[in-house]
Structure formats: C-alpha cells, structure tokens
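Thank you all for making the time today. I would like to begin with a single residue and then step back to the chain it belongs to, so please have a look at what is on the screen.

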Amino acid sequence: MKTALKNTLTAARRHWLRFQMASLEIQIDGMAEAIEAVDDPLLRLRIGTARAVARRELARLRAEYNATLPPGKRAVWGWA
C-alpha cells in the first residue's frame with residue numbers, strides 16, 4: 001500500500017512537472033515570435049530578459065523531472 005501511494009504521488013508530480021515544462025516551452029516560443037514583431041529596443045530587451053529567465057526556469061524544471069525518474073533512466077530534450 002505504501003509503495004502504491006508513493007508511486008502514485010511520483011506519477012502525479014511528474015505529470016505536473018511535464019505540464020509546467022510544456023507551458024514554459026509555449027511561453028518561450030511566444031516570446032520569440034513577439035521579439036520579431038516589436039520595434040522598440042527597450043521592449044525587445046525586456047522580452048529577451050524574460051525569455052532568459054523562462055529558459056532558466058525550464059532547465060530547473062527539467063532537472064527536477066529527471067530527479068523523479070528511476071536510477072539509470074534519463075530524459076533528454078533538445079534546445080529551448
């Protein structure tokens with residue numbers, strides 16, 4: 001019973017982390033599109049800074065997701 005509960009909680013945590021990663025990937029992609037449409041250099045700088053922060057957060061979430069996997073198994077992603 002204890003193992004089943006732990007496995008269920010780990011699966012739920014992985015699902016939540018995958019949702020957060022997908023949301024951040026969509027946000028980063030949207031920022032890339034927004035940078036192309038903006039002419040103001042200050043606004044481009046702000047979007048670029050926010051994009052860098054989002055990429056750092058995405059890397060943190062990916063590491064946290066990898067930590068929930070069993071030993072010897074690792075997920076590999078492309079560049080964000």
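Let us start with T68, which counts as buried because its relative accessibility is 11%, and the cut-off for calling a residue buried is under 20%. Please keep in mind, as I go on, that this is a predicted model.

The side chain of T68 reaches back to the backbone oxygen of Y65, at 2.6 Å. If we leave aside the neighbours within four places in sequence, then T68 is in contact with T10, R13, R14 and L17.

Now let us step back to the chain, which has two helices and zero strands. Its radius of gyration is 17 Å, well over the 12 Å that the globule rule gives for 80 residues, so the chain is more spread out than a compact globule. Along its principal axes, the C-alpha trace spans about 60 × 20 × 15 Å.

What share of the 80 residues counts as buried? The share is 19%, and T68, as we saw, counts as buried. As for charge, the chain carries 14 positive and 8 negative side chains, with the centres of the two sets lying 15 Å apart.

Note on methods: Residues numbered from 1 in each chain as written. Predicted model: local features only at pLDDT ≥ 70, side-chain atom pairs only at ≥ 80, totals over all residues. Heavy atoms only, no water. Buried < 20%, exposed > 50% of the residue type's maximum accessible area, 1.4 Å probe, protein only. Polar contact = N/O pair within 3.5 Å; in protein donor to acceptor, adjacent residues only side chain to side chain. Contact = heavy atoms within 4.5 Å. Helix = DSSP H or I, 4+ residues; strand = E, 2+ residues; numbered from the N terminus. Rg over C-alpha atoms; globule rule 2.2 N^0.38 Å. Lys, Arg positive; Asp, Glu negative; His and termini not counted. Charge placed at Lys NZ, Arg CZ, Asp CG, Glu CD.
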